[in-house]
Amino acid sequence: MLLFAIATLSTCLQAAPGTTLHAVAEVTPSQLPSEQQQDPEPAPEAVAEPPPEAPLPEEGPKQRATVVRGTRPAQSASEVTLGRDILDTAPRRSAVDVLRVVPGLVASQHSGEGKAQQLFLRGFDALHGQDVELNVGGLPVNEVSHIHALGYADTNFIIPELVQSLEVTEGSYRAFQGDFAVAGTVRMDLGAREKGVEFAGTLGQFGQRRLVVTVRPGEDPGTFAAAEIGESNGFGPQRGHGRASLLAQANVDLGHGLSARVLAGSYVTRFDSPGVVREDDLEAGRRTFYSGSFPRQGGTVSRHQLLLGVELPREGTARTRLEAFGILSDLRLRNNFTGYRVDDRGDGLEQTNGGSTLGLRAEHRRHVSLFGQPVALELGLGGRRDGIQQTQRRYRETDGTFFADEVDADITQTDVWGYAEARLPLGRWAFRLGGRADALGVEVFDALAFRDPRFYDGQGYARSAFGVHWGAKAGVEYSLTDTWALFASYGDGFRSPQARSLSEGERAPFVDVHGVELGTRREGERLSFQASLFGSQVEDDFFFDHTVGTTVFTGETLRTGLSAALQSRPLPGLTAALSATVANATVTRTDARLPYFAPLVARADLGWERPLSGIDAVLSVGTGLTLIGPRPLPYDEFSHTVFLADAQVALRRGAFALRLDVMNLLNTRWRDGEFVYSSRFDPSTPPSLVPARHFTAGSPRSAALTLEVHL
């Protein structure tokens, strides 16, 4: 088995002195011989020449293919790879359900099914992506200088059935982590589950209808095409949506050691947004728990993307990959979270953001000898150019017409980066040292700048800015045993600015983060475990309250906490993933708590699969449990505790499978988002600046039945 794994893996990774081979096998336990269900032996320290590629096993019509896949070796305590066996244990009806399995991460979808999720991780309120770097199949998701939120990361274009694994790097300790990798980086690897054609049709409560068609022509799960069409009326007023997505990828062997990868996709959605409910309106009976506020909220989104990658022939231990990508995205969003507090005509905002991204990336890995010891080198170069057109206008609640223009800007933002990282093993010790440099250039033309009585002759404002961020990365590892090790890590991360906030000739400021971590991890097929103490110091930090559109600059802030995660496969067919994170976030100068971050997040994903020999079928049962502790809110208030339980039951016989998904099994009445600010939803009442509690309702219990046909 070890020789087979090495032979297959050699097509993805070059083994060399001082490296460790990591393999993830995607199989059902019933397909494995008894000797393959044991913990694998540790990979050898050195492999001079990989053996010839072994043939793949034959795949029957009722079986899933065996996939041996290489992952980036973990070099800090909190790095984790979550495979499909973990992802498939609980219902995954959208990208937000996929993200919830990440240890310590909260993904809140409080403004409709088409808007980017609000993310919380490691004591950071990352808003819609400003502190979490997201990547799908090599394509960056975060959008720079977005009008709605920095680092806006809309993952709704992802077809959840295609997510083959999640590679999570919490913290900012690795050199490959770039812009917005403040609390961490999440990479999604895409692949189709089975060879052939798969149809999946879903009918559910609240008018849910969904069809997914997936085509995988050969043995390689990375070559596929899939389309999704879905719509729903939503679980309450102003929650309907419709969307369509297409994703296709091809891995091509060009011969002579040269291979290529193409990933393409298109996505479009139209969605409604319910807005918020004031707690005092709920208590007085003026609103129900699932009420909507104003009818014009919602938006449209489209995204089109293409990635072309080439892996050059290997020379010894050297591996070189070149990638070019392009993304076109458009957003039109309307929301009103304050009613008539600012203007008697209404506080409704319409924001538009059109973005075009072109990027190049080169990665080179090799092994060299230093003082007779093997050193693993990882080098990277890249550049990304973003063109952005954005507007913001006020509209009347009575008829939707515009009465004020607030933003009309064209932005060109270019980021050029380079990084290097080296790992030197010395006996039980291993030392990692690296660095990263990002140069950011910005050009802005703000057509509405100075349109003010004080500047009656103003005709807009053009400016440019430039800056460089230097970041150091370092780590120490001590191996207690072949599978158990201690880690210490340090890393500098950064967040790029909102371009419109820069003035002429200004050094483009970066929000700098200095992160440290002490932890331990145990690797194993049956049991893997990680635990770490972490801290992140952020210079010149701020938090943005997107409900009222205000930015509060806090100066230096500090996040500290403890996280732990466990994956276990104790028996054939039984899978468990458990995680918990406790965090704290304070302003260093005053020791005041920052609002909105999640102090306690716990997650459990449990799955069980059993063959039913009497009817030649396979029964699968799974659940996902989420606990979110009270989050601090402005004015010394706290949110409610949230506990959610999702469950699924599936029966597969031959080419047919039937699955029942139940979200919020206990029918908990929970608040997906909670806020404290002043508002006025009744224009006949006197204006008031007294802050009040507001919330967006989470989904009640909902069930959906899916029929799968595998051909």
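User: Which residues form the nonpolar patch on the surface?
Analyst: This is a predicted model, and in it the patch is made up of Trp608, Val621, Val649, Phe656, Leu658, Leu660, Leu705 and Leu707. Together they have about 690 Å² of accessible area.

User: Which strands each supply at least two residues of that patch?
Analyst: Strand S34 (656–663) and strand S37 (702–710) do. S34 gives the most, with three residues.

User: And Leu658, where does that sit?
Analyst: Leu658 is in strand S34. Its relative accessibility is 42%, so it counts as partly exposed.

User: OK, zooming out. How many helices and strands in the protein chain?
Analyst: Four helices and 37 strands. Of the 711 residues, 56% are buried. The chain exposes about 29100 Å², and carbon and sulfur atoms supply 60% of that.

User: What share of the contacts with a separation of 6 or more comes from residues 24 or more positions apart?
Analyst: Those account for 66%.

User: Switching to salt bridges. How many does a search of the whole structure find?
Analyst: It finds 45. One of them joins the side chains of Arg122 and Glu517, at 2.6 Å from N to O. Arg122 lies in the loop between S5 and S6 while Glu517 is in strand S25 (residues 511–522), so the pair ties together parts that are 395 residues apart in sequence.

User: Are those two buried or exposed?
Analyst: Both Arg122 and Glu517 are buried.

User: What about Glu228, which residue does it form a salt bridge with?
Analyst: Arg243, with the closest N and O atoms 3.8 Å apart. Glu228 lies in strand S13 (residues 224–232) and Arg243 in strand S14 (residues 241–255), so this pair links parts that are 15 residues apart in sequence. Glu228 counts as buried at 2% relative accessibility, and Arg243 is buried too, at 10%.

User: And Arg314, what's its partner?
Analyst: Glu311, with the closest N and O atoms 3.3 Å apart. Arg314 is partly exposed, with a relative accessible area of 28%, whereas Glu311 is buried at 14%.

User: Which residues are linked in a network of salt bridges?
Analyst: Glu79, Arg174, Glu378, Glu421 and Arg432.

User: What about the open sheet of five strands, which order does that have?
Analyst: S3-S9-S10-S7-S8, with mixed pairing. Its edge strands are S3 (79–83) and S8 (139–140). Strand S9 (residues 163–170) and strand S10 (residues 184–190) run antiparallel and are joined by seven bridges; there, Glu170 has Gly184 in S10 as its bridge partner.

User: Last one, Arg559. Buried or exposed?
Analyst: Arg559 is buried, at 6% relative accessible area. Its place is in strand S27 (residues 550–568).

User: Which side chains does its side chain make polar contacts with?
Analyst: Those of Asp541 at 2.8 Å and Thr557 at 2.6 Å. Leaving aside residues up to four places away in sequence, Arg559 touches several others, including Arg122, Gly123, Phe124 and Leu594.

Terms used:
Residues numbered from 1 in each chain as written. Predicted model: local features only at pLDDT ≥ 70, side-chain atom pairs only at ≥ 80, totals over all residues. Heavy atoms only, no water. Buried < 20%, exposed > 50% of the residue type's maximum accessible area, 1.4 Å probe, protein only. Polar contact = N/O pair within 3.5 Å; in protein donor to acceptor, adjacent residues only side chain to side chain. Contact = heavy atoms within 4.5 Å. Pairing = 2+ DSSP bridges. Patch = residues over 30% accessible without salt bridge, like charges linked within 9 Å, V, L, I, M, F, W, Y side chains within 5 Å. Areas by Shrake-Rupley, 256 points an atom, 1.4 Å probe, with all protein chains shown as cover. Salt bridge = Lys/Arg side-chain N within 4 Å of Asp/Glu carboxyl O.
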